[in-house]
Amino acid sequence: MKIDTNVKQNSYTGMLSHLPASVKKICVHTGNILCLNEVKKKAGQNPTDELVESLKITLANWQPSNNEGDTIQVYRAEDGLGTKLDPEERKGLKVSVKVFISSLRREALVEALDSVFAALHTSCIDSLVLAYPCKTEPCLLLPGLKELWQVLEEYVEQQKLISIGVSDVETDVFIALHGWARIKPSIIQINLASCCVVPPALQAFTKENDVQLLTHSDPFGNYDEDRGKIFCTLYFPSVVYHG
């Protein structure tokens with residue numbers, strides 16, 4: 001997918017030249033993209049296109065301020081998330097989140113989770129699915145997933161998460177994780193674009209163990225690549241996206 005970064009390249013470069021040398025990370029909050037008319041007008045976009053467009057819109061209106069520390073938070077003025085849900089309204093809503101993690105570090109997942117809680121103004125998420133890095137070496141897949149799963153278990157024990165699951169892992173890996181975990185995954189998502197038929201072994205296992213077997217159409221694995229195209233001229237060691 002071709003992304004035009006030249007339109008705003010000069011203005012971005014000018015902004016970055018005024019940033020403190022200590023800045024190592026930009027955290028971009030797109031907010032509720034359903035509030036973005038520019039995105040709504042482009043019907044038929046896939047999730048990656050929507051993400052790229054919302055990032056470009058948010059960055060286009062960004063004006064650096066005198067931030068301290070190594071992280072700068074970038075918000076839209078009207079992000080659609082400025083007010084906390086009324087407690088009575090919250091009772092009738094189910095908050096579901098999918099985290100696309102790009103690092104196997106526990107700290108990265110904790111940072112992503114805490115940012116989501118802050119952005120949504122909520123102390124509890126009803127359902128969370130972890131999308132695991134697709135380019136992970138096979139020998140590191142299960143050990144890395146176990147490391148991250150322990151973080152999710154801690155949040156469940158703190159009553160911050162209710163149900164937790166994973167996305168796009170092989171059947172044998174999921175069964176091994178389920179057998180090892182103290183708090184069992186209650187959800188698994190698979191992408192039918194890469195798996196035309198649900199594996200019979202996975203169907204049988206989820207039925208026997210009361211696990212929700214869901215499908216999705218997220219273009220798994222493209223988020224980091226497209227995000228990198230947007231920031232390729234910004235020369236930052238890392239960029240964290242929260243939307």
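Predicted model: local features only at pLDDT ≥ 70, side-chain atom pairs only at ≥ 80, totals over all residues.

Q: OK, the open sheet: how many strands, and in what order?
A: Five strands, ordered β3-β4-β5-β6-β7, and the pairing is parallel.

Q: Which strands stand at the edges?
A: β3 (96–100) and β7 (212–216). Each has a single partner strand, so one side of each has no neighbour in the sheet.

Q: And how many degrees does the twist average from one strand to the next?
A: The average is 25 degrees.

Q: Zooming in on β6 and β7, how many bridges join them?
A: Five, with β6 covering residues 187–191 and the two strands running parallel. Within that pairing, Gln189 sits opposite Leu214 in β7.

Q: Switching to helices. Which strands does α5 lie across?
A: Helix α5 (residues 106–120) lies across β3, β4 (125–131) and β5 (161–167). Relative to β3, helix α5 runs at about 145 degrees.

Q: Now Trp180. Where does it lie?
A: In helix α7, which spans residues 171–180.

Q: What does Trp180 touch, leaving out residues up to four places away in sequence?
A: Lys146, Trp149 and Gln150.

Q: How far apart are Trp180 and Lys146 in sequence and in space?
A: They're 34 residues apart in sequence and 8.4 Å apart in space, C-alpha to C-alpha.

Technical notes:
Residues numbered from 1 in each chain as written. Heavy atoms only, no water. Helix = DSSP H or I, 4+ residues; strand = E, 2+ residues; numbered from the N terminus. Contact = heavy atoms within 4.5 Å. Pairing = 2+ DSSP bridges. Axes fitted to C-alpha atoms, helices over the stretch in contact; angles between N-to-C directions.
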